[in-house]
Each structure stands twice: as C-alpha cells, then as structure tokens.
Amino acid sequence: MNRFRENRQQFFSQIKDFWHDIYGMEYALFDIKRESAETINKIRQATEQIGHIFYKSAPLLRMLDDETLLRLGFPTETHSFIRLQTLPVESVIVRLDLVVTDEQVKLLEINADTPTFIKETFFVNGRVCEQFELKNPNDGCEDQLKQAMLKAVTSSLRSMGRSGANNIVFAAHSEHEEDKLTTMYLKELMGLKSQYMDFHQLQLVDEPILKSEEVVIAQGLYDIHGEKIDVLYRQTYPIEHLIHDVDPITKDKVGQSLMKLVEQQQLAVVNPPSAFLLQSKAIMALIWGLHEEQHSFYTPQEHNAIHKYFLPTYLDSDVFLQQGQSFVKKPTFGREGDTVEIFSNTGKKIAEDFHKTYKDELSVYQQFIELPQTIIQTEQGPKRAHYMYGSFYINGQASAIGIRAGGQITDNGSYFLPIGY
Amino acid sequence: MFYMLSQQDIRLSHREGIFSMNKTKKMMTGALAAAALLTLTACGEERGYAEPTGTDCDDWDWDDETGTYYCDDHHSTHAGSYYYGGKYYGTKNSLQTSADYKTYKTNYKSGIGSGSKGGFGG
C-alpha cells in the first residue's frame with residue numbers, strides 16, 4: 001500500500017458513516033482546493049440570485065395549464081401534486097451546479113427535489129479543512145441546514161393542523177449506501193425525535209378500513225410498527241420515480257396514492273411538492289424564453305441576473321445548429337450525467353455518457369460551456385480533471401459549497417473535492 | 001472560447017422564421033399566457049391590506065397562494081399563522097374554511113380577472 005493511500009484510508013476511516021469509496025472506487029479525495037474569499041463570495045452571490053429567479057418563477061409554474069406542464073416534461077399524474085404549496089419556501093434543500101471561472105459563473109442545472117452531496121459539503125469538508133489546516137468556507141452551514149429542516153418539519157405539521165407528538169420518518173433505499181447514510185445524517189442533524197426506515201417498510205392505506213361501519217384504520221401512510229406517519233422525509237427519492245410505484249400484489253399505484261395523501265393533508269413530505277416543480281431542466285428554457293422576450297414578469301435587475309448567470313437553453317437544438325454553436329443535450333429529469341450528450345458546432349456528437357436511462361424522455365438543449373480543469377491527488381497519483389461547483393441554497397439562502405471533479409460530463413464516477421481557504 | 005448569441009440575434013432569427021423551434025415555441029405560448037396574467041395581477045395586487053402590527057412576529061410574509069399574511073418567525077406565538085381581516089388563523093385549513101376568508105378569496109379572484117382586461121392591449 002502506498003503512503004498516500006494509507007494516509008487517505010486512515011483519515012477517512014475516522015469519519016463515521018461516510019462513503020469515501022463507492023462501489024470499490026475512490027470518491028472523496030484526500031486533497032483540497034484552495035479558494036479565495038472572493039471566489040466563495042462570488043459563488044454565494046450567484047447562488048442567491050439564481051435561487052431567487054427560480055423561487056420567483058414557481059408561482060408562474062403553478063399557474064401553467066396542463067398542456068404546458070406536459071411540454072415541460074411533467075407527467076400528468078404529478079400535475080395536481082406540483083401545484084401544491086405546503087411550505088412558505090419552494091424547497092428546503094436545493095443544490096445548484098455551477099461552472100465558475102475567473103470571468104463568469106454559469107448555472108448548469110438546479111437540483112431542487114432530491115439533491116445529495118450534502119454530508120460531503122456540510123460535514124466532511126470541515127474535517128478535511130482541519131486536516132489541511134485551512135479555514136472551512138462552509139463553517140456555520142450545518143447549523144443553517146439544521147434550522148431549515150426544523151422549520152420545514154414544524155411548518156409542515158402546522159399547515160396540516162397537527163400539534164403534540166408526531167411521527168416523523170426519514171426513509172431511503174437502504175441497499176444504496178449513499179442514500180441511506182445521507183438520510184441518516186439529516187435525521188441525526190435535525191435532532192427531533194424521528195425514525196429511519198427503508199421505503200419497503202412503509203405501508204399505505206388509501207381508503208379508510210371499516211368494521212361494522214366504524215373506521216378501524218384511517219387513511220394514511222403507516223410505519224413498520226403500524227403507527228401513522230405525519231411527516232415523510234424523502235431526501236433521495238425522486239417524485240418522477242414515486243409515480244411508478246406499485247403494490248406487488250394488487251398492482252395499485254401506491255406512489256400516486258401517497259401523493260393524494262399529501263394533497264389531502266393526511267401526510268407532509270419534505271422536500272415539499274413544489275421542489276419537484278423546479279426540478280425539470282426545461283424550467284431553464286422557460287426562464288430563458290421569458291428573458292429573451294424581456295418580459296415584465298422579471299424586473300430589469302432579474303433580467304440582468306438571468307443574462308449573467310443562465311446559459312441559453314431551449315427545447316429544440318435549432319438555434320445552436322443554425323448559429324454553429326456547440327451544445328449539450330440533457331434529459332429534463334436526468335441525474336448524474338446519465339444520457340447527457342455533447343454536440344460540436346457542426347451538430348456532430350462528440351461526447352456522451354454511456355448510461356442511457358432517460359433516452360426516451362424530453363430533452364433540453366443548452367449552450368455548451370467548457371468546465372475548467374485542475375490537478376487532483378488520487379490514490380493512483382495526480383490526475384487532471386474537469387471540475388464544477390455544487391452550491392447549496394437552503395431555505396432561500398446560499399449555503400455550503402463543494403466541488404465535483406471528473407470528466408467534462410459530471411457523472412456518478414466523479415470525485416468529491418473539498419475546498420478551503 | 002465560446003461565442004455567445006446576442007439576444008438581438010436570437011429574436012431576429014425567430015421573427016424571420018429561420019428556425020422551427022417548435023417545442024420551445026409551443027411551451028412558451030403557455031408560459032407567456034401565465035406570465036401575462038401574473039404580471040397584471042401583481043400590478044393591481046397592492047396586497048389588499050396592511051400586515052398586522054403590534055405582534056411578536058418579526059416576519060410577516062405575503063403568501064401568494066392564499067393572498068394573506070403568513071408568520072414566518074418560528075419564535076413567535078403566531079408562528080405558522082395566517083392573518084386576514086384582523087383575525088389570526090393557526091392553520092391554512094382554518095383560514096380557508098372561515099366564512100370571512102371565503103368571501104375575500106372570491107373577491108381576490110375577481111381582482112385578477114379585472115386586472116387582465118386592461119393589460120393585453122399594451
């Protein structure tokens with residue numbers, strides 16, 4: 001074992017419940033990128049302004065007709081659900097993926113519904129900074145996250161008229177280490193009495209069960225002990241997957257029944273339904289379209305922010321082909337670079353992710369932007385890697401920041417590169 | 001280096017019909033209709049009434065969905081409450097089921113309709 005590998009393994013093994021290697025591959029780098037306070041401020045300022053544009057756009061999205069929602073990629077089954085606003089903020093935990101250079105900050109995409117990269121940036125980054133004797137740019141963000149979660153849960157309960165002891169369940173797919181440990185981290189950080197369960201342990205009653213004309217089991221979502229759940233924290237389970245959930249015996253669409261429970265205020269979910277409303281990458285095409293029109297829905301200052309931070313994005317590739325521009329084709333609900341393709345200025349495909357999970361989904365076309373590169377230290381030695389920033393927007397405020405380093409298409413095989421100053 | 005299309009280039013291209021942009025155009029038709037309605041609503045909205053004063057809530061936010069004020073201060077005794085017509089409602093449900101609010105809500109929707117009449121010609 002080489003010395004670097006030994007040191008890396010020794011360091012990360014001290015961090016409890018962390019996945020520094022995934023699927024036997026190196027994930028968290030025993031390395032740190034030094035940033036200036038100016039860069040951190042620039043990223044946070046961009047995050048606040050971009051987040052504001054999305055939050056301002058959310059009421060407009062809720063007013064769209066069904067046909068337009070379909071054109072933005074939202075399945076019919078989700079339309080009534082995504083029009084709900086159960087919390088004063090549209091999403092509790094949002095991550096913006098940003099390209100940052102000396103000249104500019106540009107938004108690649110927003111992950112409003114089920115962002116991960118949370119424990120890495122909010123917790124582990126600080127431990128790495130201590131090791132490298134640097135200041136942690138994310139200092140204080142963990143408390144900000146905790147307060148935001150507490151507020152989300154208590155507001156959700158109040159909006160349903162619940163008080164006193166409540167059943168709060170954090171759920172994940174336990175066989176997926178990152179999902180489970182991210183969810184467990186959030187549960188422990190929040191600090192309220194709550195339970196962790198696997199999704200398969202939850203049971204749903206979509207109609208009250210009667211015996212001699214009396215309700216013996218009320219409508220609701222139940223935990224493994226048969227207790228009704230008030231708040232379901234589903235940090236890692238996307239709504240576009242939930243709608244396809246079926247009961248293995250009856251084949252009833254239980255995911256859609258769960259969404260009905262939320263609509264009927266029998267259950268609260270966090271992130272809230274409106275988080276999914278912002279998840280479609282086609283929303284960036286809508287925002288860009290209103291910007292091109294210089295529509296008065298946005299103020300002049302907001303138009304400046306869109307011009308400064310957003311990339312031209314459409315539902316067609318025509319503009320880029322006509323103008324000889326390189327562009328990226330992305331599925332509206334794609335994740336981790338899956339199914340992403342890059343095209344040259346002549347329209348020729350020049351790079352693609354080998355996963356094709358979303359190949360039949362609606363795509364958006366976004367102006368291509370080169371990711372900057374840096375040298376990273378890995379167990380296999382130094383490597384040149386492209387990098388982008390994940391910048392969190394928590395309850396409407398800029399928060400923790402971290403780097404994903406890898407190929408031009410940031411995918412599941414990308415590294416976590418801590419930052420310090 | 002990547003050349004960025006200017007806004008003017010793109011708008012001209014659209015007008016001249018060089019691109020089909022079918023999916024984008026169809027989506028934007030719906031988006032522009034909603035944006036026009038919301039913009040006009042905002043012009044005539046004026047928030048209807050003033051936020052409550054003399055409470056221990058430091059953060060009364062305007063809630064677009066209900067058209068009322070919402071206390072977003074979790075240290076307050078009014079935390080999570082809605083304010084309308086001089087009364088506080090502990091939950092959204094209690095607000096929405098009150099007779100006062102139902103009357104107001106009807107009026108609120110009427111306001112949206114009347115605002116849009118004067119704006120599309122502009």
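This is a predicted model: local features need pLDDT of at least 70, side-chain atom pairs count only at pLDDT 80 or more; totals for chains, interfaces and linings use all residues.

Helix α5 of chain A, residues 118-131, packs against α6(A) at an angle of about 130°, with the axes 9 Å apart. Helices here are DSSP runs of H or I of at least four residues, numbered from the N terminus; axes are lines fitted to C-alpha atoms over the stretch in contact, and angles run from 0 to 180 degrees between N-to-C directions.

Residues are numbered from 1 along each chain as its sequence is written, chains are lettered from A and ligands numbered from 1 in the order in which they are written, and side-chain values use heavy atoms, with hydrogens and water left out.

Which residues of α5(A) meet α6(A)? They are A:I118, A:F122 and A:F123, facing A:C141, A:E142 and A:L145, where contact means heavy atoms within 4.5 Å.

I turn to the two chains. Chain A contributes 46 residues to the contact and chain B 40 residues. About 3,800 Å² is buried between them, 64% of it from carbon and sulfur atoms; this is accessible area (1.4 Å probe) lost on being put together, summed over both parts. On the chain A side, A:M63, A:R158 and A:E292 lose the most area, together 15% of what that side buries.

Finally, there is one salt bridge between the chains, the term meaning a side-chain nitrogen of Lys or Arg within 4 Å of a carboxyl oxygen of Asp or Glu. A:K151 pairs with B:D72, their closest N and O atoms being 3.2 Å apart. To the side of chain A that touches chain B, α11(A) gives the most, with eight residues.

Key: Buried area is the accessible area (1.4 Å probe) that two parts lose on being put together, summed over both. Helices (H or I, at least four residues) and strands (E, at least two) are DSSP runs, numbered from the N terminus.
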